[in-house]
Amino acid sequence: MVKVYSTNSCPWCVKAKSYLKSQNIDFEDLNVQDDMNARQEMIDKSKQMGVPVLDVNGTIIIGFDKRAIDSALNK
């Protein structure tokens, strides 16, 4: 299961989601700008306020990091 915590105005969030789509990876997009529960979940998992934060099968990735995403997907 892949979750992407993002906001409407984050260019790196768009890049992360576009990359996942290009790899045919299904993901849940959680908008932490509008969804306070998702925002708190992201902060609890990552200890970060910045986006994007990806949760790839329990591996937390902060920012858009293709290598980390690929590595987490291949676990």
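1. Lysine 45 and glutamate 41 both belong to helix α2 (residues 36–46), where they sit four residues apart, about one turn of the helix. Helices (H or I, at least four residues) and strands (E, at least two) are DSSP runs, numbered from the N terminus. The two side chains form a salt bridge, with 3.7 Å between the closest N and O atoms; the term denotes a side-chain nitrogen of Lys or Arg within 4 Å of a carboxyl oxygen of Asp or Glu. Side chains of opposite charge can pair when their charged atoms come close.

2. The model is predicted: local features need pLDDT of at least 70, side-chain atom pairs count only at pLDDT 80 or more, and totals for chains, interfaces and linings use all residues. Residues are numbered from 1 along each chain as its sequence is written, and side-chain values use heavy atoms, with hydrogens and water left out.

3. How accessible are the partners in helix α2? Lysine 45 is partly exposed at 32% relative accessibility, and glutamate 41 is partly exposed at 28%. Here buried means under 20% relative accessible area, exposed over 50%, and partly exposed in between (1.4 Å probe, protein chains only).

4. Lysine 45 also forms a salt bridge with aspartate 55, the closest N and O atoms being 2.5 Å apart. Aspartate 55 lies in strand β3 (residues 53–56) and lysine 45 in helix α2, so the pair ties together parts that are ten residues apart in sequence. Aspartate 55 is buried, at 9% relative accessible area. Salt bridges with shared partners join Lys3, Glu41, Lys45 and Asp55 into one network.

5. A further salt bridge joins aspartate 29 and lysine 17 (3.0 Å, N to O). This pair links distant parts of the chain: aspartate 29 is in strand β2 (residues 28–31) and lysine 17 in helix α1 (residues 11–22), twelve residues apart. Aspartate 29 is partly exposed, at 39%, whereas lysine 17 counts as buried, at 13%. The count of salt bridges comes to four.

6. The protein as a whole has three helices and four strands, following the pattern β-α-β-α-β-β-α along the sequence. Of its 75 residues, 36% count as buried. Among contacts (heavy atoms within 4.5 Å) between residues at least 6 apart in sequence, 54% join residues at least 24 apart.

7. The C-alpha atoms fill a box of roughly 30 × 20 × 15 Å, taken along the principal axes.
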